[in-house]
Amino acid sequence: MGLPILAVAAVLFSGTPGTPRARGRAAEAAATPAVEFERGKNAFARAEYGRAVELLRPLVYPEVRLETEGEVVQAHRMLGVASLFENDAESARREFRKLLELRPDYRFDPLLDPPRVVDFFNVVVKEEEGELAVIEAKRKRREQELAARHQRDAERLRTQQAMVLRYEHHSFTVTFLPFGAGQFQNGQRRKGWLFLGAEAALGGASVAAFATNFALFGIAPHRRCNVPQPIDAGGLPQQCPDIDRTDERLSTNLLRTQIVTGGLFFAVAIWGVIDALRHYEGDVLIAPTPNGLQAQARF
């Protein structure tokens, strides 16, 4: 009866967390993919192919746990060779196919690698020759697209670095000038032409009315008598009973035209000054255009 008790105690003791065997299993469970990868490489180097497969396969199946593509390539290479030496030709063929998908131009060295591996791998390459051509074409196209993207990014970066920001300084005094000067300075050319045309028309009409009035009638219009002016007993002319006021009325109308158009001229000029002040910018950025010229951005 003592032997069964001792056997049970030995089993319980061997499974306790504090035993070396339990600690070893816990350490293996907590090992990182990088540590497992190194262990697999060491086992492969010692020709322990079964152990190498056991350590490396969980790093790429069912999902890749390795950090770099180079490590994945090495893992499939070692799995293929180890499977071949373990007489598992189907697994070796699968691993070599995975290796060729990642590196279509990969080849074993006949001078350094075992002939068995080289011959078997060459057979796999011949079997996958058509698919490898497609994979290689896709890889080259992807590399060309990536190189073209890098070149575009580099050119855009050089353009941004070479760009010189230029500013145009605008005079605050110009905003108070008539005839759309402030609008032209602010880059609002259409509005500037409208103010220029309106003020020129109104100012010209006012000046024309004044000049015509002065040219025709001088300082004051002349009044003519429609009938012979009577003379008193002393020989002096008496007040005209019928005065011709045609010139006076024309002069008055010209004066009114001069005042109205002049007033409108000043009203439009003041409006233009206020509008120019609202849109005034002291320093305006001048941006380069694609053809190398410089244009001022306006909104």
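User: How do you know that the span of helix α10 agrees with its 29 residues?

Analyst: Helix α10 covers residues 189–217. The expected span is 1.5 Å times one less than the number of residues. A helix here is a DSSP run of H or I, at least four residues, numbered from the N terminus. This is a predicted model, where local features need pLDDT of at least 70 and side-chain atom pairs count only at pLDDT 80 or more, while totals for chains, interfaces and linings use all residues. Residues are numbered from 1 along each chain, and side-chain values use heavy atoms, without hydrogens and water.

User: Which residues of α10 are called buried?

Analyst: Buried means under 20% relative accessible area, with a 1.4 Å probe and protein chains only. Among those in α10 are F195, L202, N213 and F217. Their cover includes α9 (181–185) and α11 (246–278); contact means heavy atoms within 4.5 Å.

User: What makes the contact of α6 with α7 nonpolar, polar or charged?

Analyst: Ala, Val, Leu, Ile, Met, Phe, Trp, Tyr, Cys and Pro count as nonpolar, Asp, Glu, Lys and Arg as charged, the others as polar. Helix α6 (residues 89–102) and helix α7 (residues 115–127) pack at about 65°, axes 10 Å apart. Axes are lines fitted to C-alpha atoms over the stretch in contact, and angles run from 0 to 180 degrees between N-to-C directions. The contact includes F96 and L100 of α6 and F120 and V124 of α7. The tally is ten nonpolar, no polar and three charged.

Notes:
Helices (H or I, at least four residues) and strands (E, at least two) are DSSP runs, numbered from the N terminus. Buried means under 20% relative accessible area, exposed over 50%, partly exposed in between (1.4 Å probe, protein chains only).
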